[in-house]
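Subject: Structure handover and notes

Hello,

Please find the structure below. My notes on it follow.

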Amino acid sequence: MLIDQMFIPYSFIEKEASHVEGFSPELALVTIGGGKELEEKLVVRPTSETIVNHMFTKWIQSYRDLPLMINQWANVTRWEMRTKPFIRTLEFLWQEGHTAHATLEEAEKEAMQMIDVYTKFAFEQAAIPVIPGRKSKVETFAGANRTYTIEAMMGDRKALQAGTSHNLGQNFSRAFGTQFMDENGQIEHVWQTSWAISTRFVGGIIMTHGDDAGLMLPPRIAPIQVIIVPIWKKGDEKSAVLEAVDSVQKILKEAGIRVKVDDSELRTPGWKFNHYEMKGVPVRIEIGPRDVTNKSVVVSRRDVPGKQGKEFGVSMEPSVLVNHIKGRLEDIQASLLQKAITFRDSNIIDVSSYGELKEAIAEGKWARGPWSASDADELKVKEETSATIRCYPFEQPEGTKKCFMTGNPAEEVAIFAKSY
C-alpha cells in the first residue's frame, strides 16, 4: 500500500509537538504554488508519520481493522547542511513502514521484530556486523517513545545509523485522533510503530568492504557474482575459447549463479580485470586457449588480491565447477563478515572513566562503558568530544556496573562514537 504524498500541510507537522521541534531545522517549506502565495505552507515530506496518521484516522474504525500495516518506498527531503554522497543528502530514497495496533505490547513486538529483520539482513546479506540496540532519550526519534537502531562501524571507524525502528506509542494517534472501538465497545487510541532503512545502507556497504581498488560486494547482494573474461591472442583461438566460455556461462546460470561474460574486443583482458575489480564483482573466471585444452578455468577472488587469490586448473566438469564456484562465493561472504567483525571489535574500547572515553574518541575509536548519567551529561559529552551515544546494545555484560561519568550504579553499558 502506498501513501505517496510528497507535500504535507504544515499544520500536520505541528500537531505532534516533539515531532515539529525535532524536524524544524531540517524542513523544506513551499510557500508559493502556481505563482500565488499559499494559504498554508506545505512541507516537502521529511518522513511520513503525519500524513500516514491522517489516513489511518479515516481507515481505522474498529478493532477488526487492526493491525493495519503499510510499507512503501518513497523519497524524502531533509535540509542537510553537511551533505555526503549516500550518507547525508538533501533527498534520499528509503523503505518505510508504518503500523497501527490495538495494544502497546503488539506495537513493541512489531518494533522489535523489524529491528531484528534489519539486523539479520545486515549480517546475512550485506556482511555488515551491526550492533543492534536502543537509542538514548536524547537520540530518540522525534515523536517516538523508543527508538531501536542498528549501528555499523565504517572503514574510517565512524558510526553509521544503518536502520531504525520506532515504538511511537500513542503520541501521533492522540495528536491526530486516530481511534478505534475495542471488543468491549470502548473507544481507544491506536498504538503505532514506524521503521525505515534507506539508500544510506548502500553507502554503508561501500565504506565497510571497499578498498583502494574500488568496491567489494558481498556475493549474496552482488548483481554480478561471477564475471567471465575470455582471453585469446590469435584469431584461430577465438572460436574455441568463446565456445568454452558459453558452455561455462550456461552451466553457472542453470545453477542459479548471477554470471556475466565480457567478450568485448574493445578492451584488453587486463583492463577488464581492473574494471570488474573496481565494480566489486566477487569472482572472476578467466578462460584462455590453454584452459580450453585442459578443460579447466582460472578462478580469482576479489577479496584476496594478487596470485594468492587465484586458483588454476579448476575443472569445467559441470558438477565440479558449480560446487567450486558456490563454495568460493560462500567463502567470500563469510570472509568479508569475519573481517568486518574483527575490525569492529578491535576498535571498541571498554572505558571506566570520562577521561578514558575522551582518549578513546580522540583515537577515532568507539567507547563502551556503563552509563546512567543525565541528558545534560550526555550533551556535555557530545559538546566536548563530538561523540554521541549510538545505542544501549541489546547484548549487555552481566554483573554490577558503575556509571563512568557519575560513579552511580548503572544498569546498562552504552556505546559512544563519532558518527555521520
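This is a predicted model: local features need pLDDT of at least 70, side-chain atom pairs count only at pLDDT 80 or more; totals for chains, interfaces and linings use all residues.

How many bridges join S1 to strand S3? Three, and the two strands run antiparallel. Strand S3 covers residues 36-44.

S1 and S3 belong to an open sheet of three strands, in the order S1-S3-S2, with antiparallel pairing. Strand S1 (7-9) and strand S2 (29-33) are the edge strands, and each of them pairs on one side only. From one strand to the next, the twist averages 50°.

Aromatic pairs

Searching the whole structure gives nine aromatic pairs. One of them involves phenylalanine 92 and tryptophan 94: the ring centres are 5.5 Å apart and the planes meet at 80°. Planes over 60 degrees apart count as edge-to-face, so this pair is edge-to-face. Buried means under 20% relative accessible area. Phenylalanine 92, at 15% relative accessibility, therefore counts as buried, and tryptophan 94, with a relative accessible area of 9%, is buried too.

Another pair is formed by tyrosine 148 and phenylalanine 394, with ring centres 5.9 Å apart. Their planes are at 50°, so the pair is tilted. This pair links distant parts of the chain, as its two residues are 246 residues apart. Tyrosine 148 lies in strand S7 (residues 146-153), whereas phenylalanine 394 is in the loop between strand S19 (388-393) and strand S20 (401-402).

Which of these two residues is buried, and which is partly exposed? Tyrosine 148 is buried, its relative accessible area being 2%. Phenylalanine 394 has 33% relative accessibility and counts as partly exposed.

Ring pairs also link Trp371, Phe404 and Phe416 into a cluster.

Charges over rings

Which ring does the charged end of lysine 41 sit over? The ring is that of tyrosine 10, and the charged end lies 4.5 Å from the ring centre. In a second case, the charged end of arginine 284 sits over the ring of phenylalanine 273, at 4.0 Å from its centre.

Regards

Definitions and conventions:
Residues are numbered from 1 along each chain as its sequence is written. Side-chain values use heavy atoms; hydrogens and water are left out. Two strands pair if DSSP finds at least two bridges between them. Helices (H or I, at least four residues) and strands (E, at least two) are DSSP runs, numbered from the N terminus. Axes are lines fitted to C-alpha atoms, for helices over the stretch in contact, and angles run from 0 to 180 degrees between N-to-C directions. Rings of Phe, Tyr and Trp (its six-membered ring) pair if their centres lie within 6.5 Å; planes under 30 degrees apart count as stacked, over 60 as edge-to-face and the rest as tilted. Buried means under 20% relative accessible area, exposed over 50%, partly exposed in between (1.4 Å probe, protein chains only). A charge sits over a ring if NZ of Lys or CZ of Arg is within 6 Å of the ring centre and within 35 degrees of the ring normal.
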